Each structure stands twice: as C-alpha cells, then as structure tokens.
Amino acid sequence: MGSKTPEGHHQGPDGNSANVSIASINPAKPAAASGLLQVTLEDEGEAEDGDDNGFGYTMEGEVKQVVGEQKKKKKRSRRKKKMSGCQTTPPRVPLASLFHGNQFPIGECTEQAVDNNLNRTTAEEVRYLSVIDDMDDEFLSDYRKAAEVHRQVRKHVQTIAKPGITMNELAEEIESGVRALVGHQGIEPGDAYKAGMGFPTGLCLNHVAAHWTPNAGNKEVVLQYNDVLKVDFGVHVSGRIVDSAFTIAFNPVYDPLLAAVKATTNAGLKEAGVDARMDHLSEIMQEVMESYEVELDGRTIPVKAVRNITGHNILRYKIHGDKQVPFYKTKSNQRMEEGDIFAIETFGTTGKARMMDDIGIYGYGRVQNASTTGLHHTSAKSLLKTIDTNFGSIVFAKRYLERVGAKNYHLGMRSLVQHGVVESYAPLVDVPGSYVAQFEHTILLRPGCKEVVSRGDDY
Ligand SMILES: [Co+2]
C-alpha cells in the first residue's frame with residue numbers, strides 16, 4: 001500500500017526536484033558504531049531448484065547475534081524449512097498445520113556490514129538493545145508467517161488472474177486465502193485484529209495506480225487482455241504487517257514497463273539498509289526507472305517514476321509510519337535505522353507521473369491520538385467501538401467492516417471522518433489512457449542482517 005505525499009507538500013511550484021524535500025525525522029549521526037555486535041551464520045545456502053513447495057528463492061539462513069564475544073562465521077549444510085504437509089488449491093490449509101513449531105521460511109537475507117572498530121555511543125547502545133528486544137523470536141515468526149501466507153496466496157492468484165475474471169472474484173480469492181491461512185476468519189469480534197488482511201486488497205487497473213478495491217454495489221469490473229493490473233495486498237499476524245505487490249499484464253507490449261518497475265524496486269531493496277539515506281535511494285531508483293522506455297501504438301514513451309507516492313516504514317498495526325522512501329529524486333534528511341521495517345515500493349507510468357485523488361472509497365483507518373470528545377452521535381460512537389475492536393489502526397475496506405456485522409454505518413462514518421477520528425482513502429490515478437505498474441516488498445532491518453521477508457521465486 002503506497003504512501004501518498006501530502007498535496008503539493010513535497011513539490012515545488014514547478015515540480016522541480018530541487019524543491020522536493022522531506023523534513024528530518026532522525027538527525028544525522030556517525031556511521032553505525034557497533035562494537036557489541038558480531039554475527040554467526042547458523043546456516044546458509046540457496047534453496048534447490050524445482051523444489052516441491054515451489055519456493056526456490058534464496059534463503060541465506062538465520063543470523064544470530066552474539067553479544068560481546070568475537071565469533072567466527074561458520075557455514076552449515078544447506079537446509080531450508082519445508083512444509084510438512086500439502087497446501088490445497090485454492091489455498092485453505094492454515095500455515096499452523098503446515099509448519100510446526102512456528103518455523104516459517106526465512107526471507108532473503110543479506111548480511112549487513114558491521115564495523116567492529118567503533119564503539120556504540122550510549123544512545124546507540126540503548127537503541128540497539130531495544131531493537132534486539134523488539135525483533136525477538138515471536139516478531140520474526142509472526143513476520144515470516146505473514147510473508148509465507150502472502151507467497152502462497154499470490155501464487156494462487158497468479159494462476160487465476162486471467163482475462164474474464166472480475167475484481168470481486170479476485171478480491172474474494174485473496175481474502176479467503178489469507179483468512180484461511182492465518183487461521184482467523186475475521187467475523188467474531190476482535191478476530192480480525194489477531195491476524196488477517198493488513199489493508200484493503202488493492203486491485204488497480206491501468207491508469208489507476210493505487211488504493212482501488214471493489215465495494216459492494218459497484219458495477220462489476222472484468223479483467224481484459226490489454227489491462228495492466230496491480231495486485232497489492234497485506235497480511236498481518238498480531239499487527240506485523242507484510243506489504244507486498246506485483247503487476248500482471250497479458251499483452252507483451254507492457255513487458256518493458258513491468259521490467260522497469262521490478263528493476264527499480266530491486267535497486268531500492270539492494271540499496272536499503274542501516275544508515276541508507278532516502279535522498280540517495282530516491283535518486284538511484286529514479287535513474288533506474290527512467291532508463292526504460294515502452295512502445296505503445298507505434299509511439300516510444302519513456303517510463304516515468306511517480307512523484308507523489310512513496311515507500312514507507314511500517315509500525316505495528318500501522319501501515320504508514322513516519323518515514324518515506326521516495327523513488328523520485330527528493331531532498332531528505334531521513335535515514336534507515338536498525339530495527340526499522342520498510343515497504344519498498346515503486347510505480348512506473350506512461351502518464352504524467354503525478355497522481356490525483358479519484359472519486360470513491362478505498363478504505364478507512366483510525367487516526368491515532370485523535371480526540372473523540374466531539375463525538376455525540378450514538379451511531380458514530382458504536383461504529384468507533386467496532387473499528388477499535390476489530391481493526392485498531394489497521395486500514396480496512398468497507399467490505400471488512402460489513403463482514404464484522406456493521407450495518408447502516410454511513411452517517412456514523414461521515415461523523416468520524418469529519419471529526420478527524422477516522423481517515424478515508426481515495427483511489428490514486430494518473431491521466432486516463434496511461435498505464436502504471438508497481439512492485440513492492442517488505443524488508444526487516446534486523447541487527448546485522450537485512451531480510452526481504454516477502455521475497456519469493458516469482459518476484
Ligand atoms: Co506499501
């Protein structure tokens with residue numbers, strides 16, 4: 001799910017990149033000093049090809065922290081976590097029955113450079129220790145479970161997303177798969193809060209870049225051969241949200257557009273890491289994106305990087321944290337830090353590259369720390385209770401709200417939005433006739449290791 005930059009906030013009057021800037025969240029500090037940290041590779045290796053569960057992506061192994069004492073890296077025999085049973089088609093077997101002892105597949109891990117010649121300052125040491133505390137075993141197994149659910153569900157979606165299927169059917173397949181695999185149907189009060197959809201399923205066609213989902217009563221939208229479809233869905237387990245997206249096109253004329261965006265997201269993932277600077281990342285990603293062109297109807301069109309959507313950090317139960325990862329050259333003092341979780345996502349377009357709000361509703365999200373004292377309507381108060389019980393600060397679609405039994409909530413919702421207690425999200429679109437593609441992964445900046453937790457053998 002993309003983070004939209006505030007209207008006109010990060011752009012100069014002429015949209016010149018020289019005027020693009022993001023306020024500092026974290027002041028610059030010396031390069032990571034990490035005298036406390038050494039790493040021991042417990043196992044590493046690449047998954048063999050043609051494996052039975054279909055996930056042949058690299059799993060370079062668990063990296064464990066050893067505090068204080070110098071240890072030598074050691075390699076163990078190739079080992080990967082295999083499913084002990086078979087997933088069905090469509091996927092409906094809870095992962096808890098397929099992987100025992102919460103041992104879910106590890107994402108793509110890259111060891112991060114650690115400078116042992118520097119000692120951490122006290123503040124860094126405190127931060128480092130709190131990161132270790134935050135990213136504990138439960139955190140990792142929740143994150144890896146959410147990622148494995150994402151991989152298994154999208155693998156199925158990739159086989160059924162063919163011309164003729166409707167957006168309602170696709171959303172239904174994604175959501176039924178996610179709920180079955182996390183083992184929470186999200187109907188009983190509070191069940192969706194335990195695990196389920198991380199945000200409304202995004203199914204955006206052509207010039208619609210982000211934030212479109214089917215709503216009850218809308219007219220059916222049928223997938224066509226010449227469409228470019230972005231599938232962006234989130235899975236959360238105990239508020240640990242995996243945010244990952246891919247693009248499907250049938251007509252090969254769009255191949256260079258998809259290739260541009262995939263390469264740009266991968267460049268961002270490669271450059272990401274502790275102390276990586278957002279301004280540097282944004283410049284690199286824009287350069288990769290704009291090195292591609294696409295030929296449509298005999299016209300050669302340069303691929304443009306979308307200016308006003310960014311990647312973002314992810315907090316527990318909160319899809320958009322306080323950091324933005326632009327992929328259009330942007331001035332920023334923000335940096336990535338140990339313990340951060342990021343959604344690295346990029347959008348390439350054949351259009352104007354500046355997204356506008358369209359009519360319609362994608363979803364709603366609770367605004368944290370918003371005052372509720374002005375709420376008088378009973379309908380608004382009871383709706384707010386339903387939202388807090390089932391979603392907390394998870395962004396949800398109208399369909400998810402209806403699923404937990406909310407009825408005639410329109411007046412109540414209007415009051416919540418007017419009072420700033422709930423934020424509503426609109427579809428983001430480029431100019432009609434243009435085509436936008438997206439790829440996205442979630443990464444964990446663990447001490448000593450960067451884990452692209454949602455990586456699969458598909459993208
Ligand atoms: Co996102």
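## Strand β9 and D243

D243 sits in strand β9, which covers residues 240–249. Strands here are DSSP runs of E with at least two residues, helices are runs of H or I with at least four, and both are numbered from the N terminus. The model is predicted, so local features need pLDDT of at least 70, side-chain atom pairs count only at pLDDT 80 or more, and totals for chains, interfaces and linings use all residues. Residues are numbered from 1 along each chain as its sequence is written.

D243 counts as buried because it has 29 C-beta neighbours inside 10 Å. A residue is buried if 20 or more other C-beta atoms lie within 10 Å of its own, exposed if 12 or fewer, and partly exposed in between, with C-beta atoms placed from the backbone.

## The annotated site

UniProt, in an unreviewed entry, places a "binding site" at D232, D243 and E440. These residues span 209 residues in sequence, yet no two of their C-alpha atoms are more than 8.2 Å apart, so they gather at one spot. UniProt positions follow the numbering used here, feature names are shortened, and annotations may be inferred rather than shown by experiment.

E440 lies in strand β21, residues 436–446. It is buried too, with 26 C-beta neighbours inside 10 Å. Beyond four places in sequence, its contacts include D232 and D243. Contact means C-beta atoms, placed from the backbone, within 7 Å.

## The whole chain

The protein chain has 10 helices and 22 strands. Buried residues make up 46% of its 459 residues. Among contacts between residues at least 6 apart in sequence, 77% join residues at least 24 apart.

How values were computed: Two residues are in contact if their C-beta atoms, placed from the backbone, lie within 7 Å.
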